[in-house]
Amino acid sequence: MNILAIETSCDETALAVLSVRGLLHPKFTIQAHQIASQADLHAQYGGVFPMMAKREHSKNIVPLLLVTLKEAGMLIQKNPIPWTLEQKIRETLAREPEMLELFLKEIPHIKKPNIDKIAVTVGPGLAPALWVGINFARALSLVWNIPLVPVNHMEGHVLSILAPEKNESFGLASLKDHLPAISLLVSGGHTEIVLVKGIGTYTLLGQTRDDAAGEAFDKVARMLELPYPGGPHISRLADMAREENIAHVAKLPRPMLTTADFDFSFSGLKTAVLYLVRDMGGIEKISEPTKTAIAREFEDAAIEVLVKKTLSAAKKYKAKSIIVGGGVAANKELRKQLTTAATEFGVPITFPTKTLSTDNAAMIALAGYFGKKVSLSSKKLIAQGNMAL
Ligand code: KG4
Ligand code: ZN
């Protein structure tokens, strides 16, 4: 079977086609994987504005579908036949005028692709952005008569470690030896520790009480006048400070490091950086080397808490593996320290590939494979900004 997946929860419009062969021992292959990132647009404003993200998704998603189908070898042009569904499509896409126009222009010209299921992210994320993907999925489902599967974005991140790069097929054979697993999910919107007993069996053990880890990286980057999204820039400066042995500037707090729960708090750490910068006379007074030292201390503080809590969860629940997901999983120092800690504890640790650590639709397709089909009128097909795993 082939699954088309749609992801619009934040600032990436992402589509993918995943093929699955075999029932007992399914083999998966990512046939197409496309992302239209809005990062450059949001960078000008220093953050993601939901209504702006919505409009961008709405403009980009139809052209991106054509590219995705082409990449999967499924784009076949045809002469359009008169559409009896036009009124229904107009109703379905009434709130996405930019998309509606492109949809009516392009979709009648393409033949129904060989797709058996459409998986779409319904939450958590920015509700206006999520709605674009959901309405697009509903419109395609109407036109092509293909069933829909709602997907939780965080389940996508949990499962993202299963997939290798595009075009390499993969199975689930080794999965059972790795369960239960502790999954650390760290992104711009989330910081969660999840106990994974099986695919579909998740327990949220703890989460951030305020800012997400990626959000803290982004906010601190802003204080240091680094571009958005700031995570990779902080990481680059921090690495520089380590390589060049730049002296420490101050000790920043490690919030909730010693609490017995698996919750996090990054807002105090972020504020501590704010005060530090202020006490040094403002960012204009701070030299480049000192900036790198601040980035390093911030990164060390955030990572220390993430690593410690992940490992205590792994110990408490006798995890057989640790898996990581989300944009912050790309952080080099976090990878290094988590790997060392997991190795000491004696369990394997798996990170998603670089392309699958940030938001993408391949992971949504994978979660969609295991998800349940719903009808077009289902209550499960509504945007759920705060959807829990
Ligand atoms: O998963 P993701 O692409 O989108 C969300 O669902 O949020 O994560 C994006 C977040 C941003 O906050 C970004 O700054 C952070 O991941 N990030 C990093 C790194 N690369 C991306 N944070 C720290 N170090 C990195 N190398
Ligand atoms: Zn994400």
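The model is predicted: local features need pLDDT of at least 70 and side-chain atom pairs pLDDT 80 or more, whereas totals for chains, interfaces and linings use all residues. Residues are numbered from 1 along each chain as its sequence is written, chains are lettered from A and ligands numbered from 1 in the order in which they are written, and side-chain values use heavy atoms, without hydrogens and water.

A backbone N or O atom lies 3.0 Å from an oxygen atom of ligand 1 in G231, and 2.9 Å from one in G327. Taken alone, the ligand exposes 550 Å², of which the protein buries 89% (Shrake-Rupley areas, 1.4 Å probe).

Next, display the shell around ligand 1. Helix 6 (153-159), helix 7 (213-223) and helix 8 (231-243) are the elements that give two or more residues to this shell; helices (H or I, at least four residues) and strands (E, at least two) are DSSP runs, numbered from the N terminus. Helix 7 provides the largest share, three residues.

Move to T191, in strand 7 (residues 191-198). The side chain of T191 reaches the backbone nitrogen of A213 at 2.7 Å. T191 counts as buried because its relative accessibility is 1%; buried means under 20% relative accessible area, exposed over 50%, and partly exposed in between (1.4 Å probe, protein chains only).

Now select helix 13 (residues 362-370). Eight of its nine residues are buried, so helix 13 is largely enclosed by the rest of the structure. Among the buried residues are M363, L366 and Y369.

Two cis peptide bonds come next. One runs from G123 to P124, with omega near -10°; P124 is in the loop between strand 4 (117-123) and helix 5 (127-144). Another joins L179 to P180, with omega near 0°, and P180 lies in the loop between helix 6 and strand 6 (181-186).

Finish at N145, in the loop between helix 5 and strand 5 (148-152). N145 has a positive phi of about 60° although it is not a glycine, and counts as exposed at 65% relative accessibility.

Terms used
A polar contact is a pair of N or O atoms within 3.5 Å; within protein, one must be able to donate a hydrogen and the other to accept it, and residues adjacent in sequence count only if both atoms are side-chain atoms.
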